[in-house]
Amino acid sequence: MIQFKALLLKELKEAFRDKRALMVALSMGFLMPVVIVAMSKFMIKQAVETPAIYVKFTGAEYAPKMVKQLKDANILAFADVPESDKKLWDKRSVEVIIPETFAQDLQEGKRIDVILRADYSEKSLAAPLRRIEREVRNYSRSIGYKRLLVRGIDIKILNPVQLQEQDTSQPSSNAMIISLMLGLYLLMGAFVSGQSIAVDASAGERERNVLEMLLCQPVKTQNIVLAKLISSALIATLSISIMLSLTTIAVGFVDLSKIGASFSLDFPTVGALMISLVPLCFLAAALQLFVGFQAKTFKEAQSTVAMLVMVPTMIPLALMFIESKPDWIEWVPVSGQSLIMEDLFKGLPIEWATLATTTLLTFVAVTGLVMAMAKRLQSEKVIQSLS
Amino acid sequence: MLGRHSERVIYVRAKWWGLIMIEVNNLRKSFKNKKQTVVALDGLSFQARDGEITGILGPNGAGKTTCLRTLYGLLQADEGYATIDGINASENPLGARAKLGIFPDKFGLYERLTAYEQIDYFASLHGMTGNDKKQAIERVIADLDIQELAHRKSAGFSQGQRMKVTLAQALVHSPQNFVLDEPTRGLDVMSTRVLRNYLNKFKEKGHCILFSSHVMQEVAALCDRVIIVADGKLAAQGTPQELCELAGETQLEEAFVKLIGSDEGVAA
């Protein structure tokens with residue numbers, strides 16, 4: 001016990017004195033809430049407001065009424081663009097071409113081809129183009145309706161079936177943007193925060209020739225590994241606690257009611273999140289230490305550990321594409337926690353049995369890794385590579 | 001069986017007299033990889049006694065570090081055994097290490113800890129606590145005259161200062177046996193003298209000191225007994241004087257070259 005306390009205390013002292021590694025570890029916690037708020041504000045703005053669109057009209061004079069309707073919907077002529085946005089809209093170059101014969105064709109009841117020309121692969125244009133399409137369609141439909149009315153036909157015959165949409169999602173699941181981002185960031189935070197500390201405590205110590213001295217002491221290798229694991233996992237836990245508490249505060253500054261959503265992190269949710277994330281911090285630390293002890297040099301360890309980031313980013317992504325999820329996915333480390341977090345953010349009740357199973361399985365994996373490392377530190381290969 | 005038995009008798013007697021503290025018996029160790037097998041130790045045997053400084057002298061690659069690592073229980077011998085105060089290092093490595101103060105081949109310091117914290121760390125690893133630990137740390141700091149280093153972080157320490165801190169952390173638990181693997185490598189004259197004086201003081205207190213080295217002058221000046229190792233085997237042993245006589249030379253260096261039968265890998 002005296003030994004273990006000394007081992008752990010030393011690891012923590014070193015971790016907290018390594019200013020740069022600590023900064024990297026905690027910066028995720030501090031930065032993520034800011035990113036989340038900034039991005040959600042931006043997305044809400046995009047979803048709610050109808051910013052001005054500037055279109056290069058050709059033949060606007062042939063269809064003044066349609067152009068007027070577009071103008072009412074804040075779709076304006078390129079000539080009116082303010083100087084500051086001129087370059088942008090010139091580059092985007094959204095063209096609407098109205099044929100010369102517009103008025104005549106309209107009178108004769110012929111089909112009129114209005115051309116909308118733009119780069120459809122440009123993401124930022126997706127919303128403006130959709131708006132132009134909608135407005136033109138509305139204009140066209142209103143004329144069509146009038147034609148039917150004039151002929152004494154009820155326009156209802158055009159819509160024999162009407163779809164009534166009823167959304168059963170909880171109000172909080174409308175805040176999908178925030179919860180998706182937060183879920184991913186929390187997983188990333190758990191996996192990335194302790195990274196530099198774990199690599200430093202394993203490959204770094206070997207490179208600085210302090211590992212041999214430690215292995216020569218009357219200490220079980222298992223305790224050495226365990227102390228390093230706890231220290232690195234604690235830093236990661238600290239980072240995600242900061243991330244969660246700051247996000248709880250920060251989300252208050254985003255007006256989610258604009259998109260008809262609510263998002264709050266209450267105490268039980270935060271508690272359940274921590275219960276599912278802390279085991280992941282340990283799993284991440286164990287994986288990082290394993291890689292660190294396995295690598296021949298500090299540099300090698302750093303590059304291999306960087307690949308571990310794929311685990312938290314790829315698994316939730318892969319889960320999205322699996323349509324009928326087999327049961328075991330709920331139990332496997334990382335994917336299990338990812339699904340539980342998804343449910344939590346949707347406001348669904350917590351399935352404690354599933355949470356307990358995945359937590360248990362995560363700790364089984366951690367124990368396996370610790371035992372493998374303890375054995376490896378006794379192996380001749382490691383001893384021989386010390387010098 | 002008989003040979004093993006009589007060895008045992010000799011060992012028990014020697015232990016009864018309290019002489020042999022570190023014993024290496026018929027150690028064999030080879031390292032295999034896909035392409036080749038390297039024999040590092042080929043039946044090496046020697047003893048180191050209390051109240052004496054025993055030097056292991058050998059060219060690079062003779063098996064010195066492998067032998068010492070077997071002694072620490074880091075490597076398992078293919079054959080033979082190594083004991084410290086009668087404890088078999090491969091069977092009970094933790095027990096054997098508890099009896100040892102170790103100054104390893106390559107030593108580094110924890111850059112972000114102060115010298116005092118490092119010594120404290122190693123004292124705790126040996127199970128020391130409270131006032132005993134505090135006194136032991138203060139004693140070893142005073143002995144090595146590193147009071148002004150004690151509360152500085154070890155990043156930026158000179159090689160000599162690093163050696164002193166490593167020495168302090170190896171000796172803080174006052175081990176009966178002290179093993180050093182090429183401790184003077186990279187040290188200047190002043191630091192070497194500090195180390196030498198300290199080892200002599202330690203010897204006078206009746207401790208058993210085993211150290212490996214390349215440097216002839218140092219071995220000649222410091223060691224009571226010298227063990228010459230070549231190709232993983234014992235080439236010769238005795239006092240520096242006896243070795244010179246054995247080889248018919250006046251200088252230990254000449255004797256050494258003659259005894260190992262080659263001048264390859266000798267660094268003075």
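Biologist: How many residues of chain A are in contact with how many residues of chain B?

Modeller: In this predicted model, 22 residues of chain A are in contact with 26 of chain B. A pair counts because the C-beta atoms, placed from the backbone, lie within 7 Å.

Biologist: Which elements of chain A each supply at least two residues of the side that touches chain B?

Modeller: They are helix H1 (2-17), helix H9 (211-215) and helix H16 (380-384). H1(A) gives the most, with 7 residues. By class, this side of chain A has 9 nonpolar, 5 polar and 8 charged residues.

Biologist: Why are helix H11 (residues 267-294) and helix H12 (residues 298-308) of chain A called roughly antiparallel?

Modeller: Their packing angle is about 150 degrees, with the axes 9 Å apart. Angles over 145 degrees count as roughly antiparallel, so H11(A) and H12(A) are roughly antiparallel to each other. The crossing of H11(A) with H12(A) is right-handed.

Biologist: Which residues of H11(A) and H12(A) meet?

Modeller: A:Leu287, A:Gln288, A:Val291 and A:Gly292 of H11(A) meet A:Ala301, A:Thr304, A:Val305 and A:Leu308 of H12(A). This contact has 5 nonpolar, 3 polar and no charged residues. Gly counts as polar, so A:Gly292 in H11(A) is placed in that class.

Biologist: What makes strand S2 (75-77) and strand S4 (115-117) of chain A edge strands?

Modeller: The open sheet has 4 strands in the order S2-S1-S3-S4 (chain A), with mixed pairing. S2(A) and S4(A) each have a single partner strand, so one side of each is left without a neighbour in the sheet. On average, neighbouring strands of this sheet are turned by 35 degrees against each other, direction ignored.

Biologist: How do you know that strand S3 (residues 95-97) of chain A pairs with S4(A)?

Modeller: There are 3 bridges between S3(A) and S4(A), which run antiparallel. Pairing requires at least two bridges, so these two strands of chain A, with 3, are a pair. As for individual bridge partners, A:Ile97 has A:Ile115 in S4(A).

Biologist: Which strands of the sheet does helix H6 (residues 126-150) of chain A touch?

Modeller: H6(A) packs on the sheet and touches strand S1 (53-58), S2 and S4 of chain A. The direction of H6(A) makes about 55 degrees with that of S1(A).

Biologist: Where does chain B divide into domains?

Modeller: Domain 1 of chain B covers 1-99 + 175-268, and domain 2 covers 101-174. In chain B, 19 residues of domain 1 are in contact with 15 residues of domain 2.

Technical notes:
Residues numbered from 1 in each chain as written. Chains lettered and ligands numbered in written order. Predicted model: local features only at pLDDT ≥ 70, side-chain atom pairs only at ≥ 80, totals over all residues. Domains from an automatic or database assignment. Contact = placed C-beta atoms within 7 Å. Axes fitted to C-alpha atoms, helices over the stretch in contact; angles between N-to-C directions. Parallel < 35°, antiparallel > 145°, perpendicular 65-115°, else oblique. Left-handed = near helix turned anticlockwise from the far one by under 90°.
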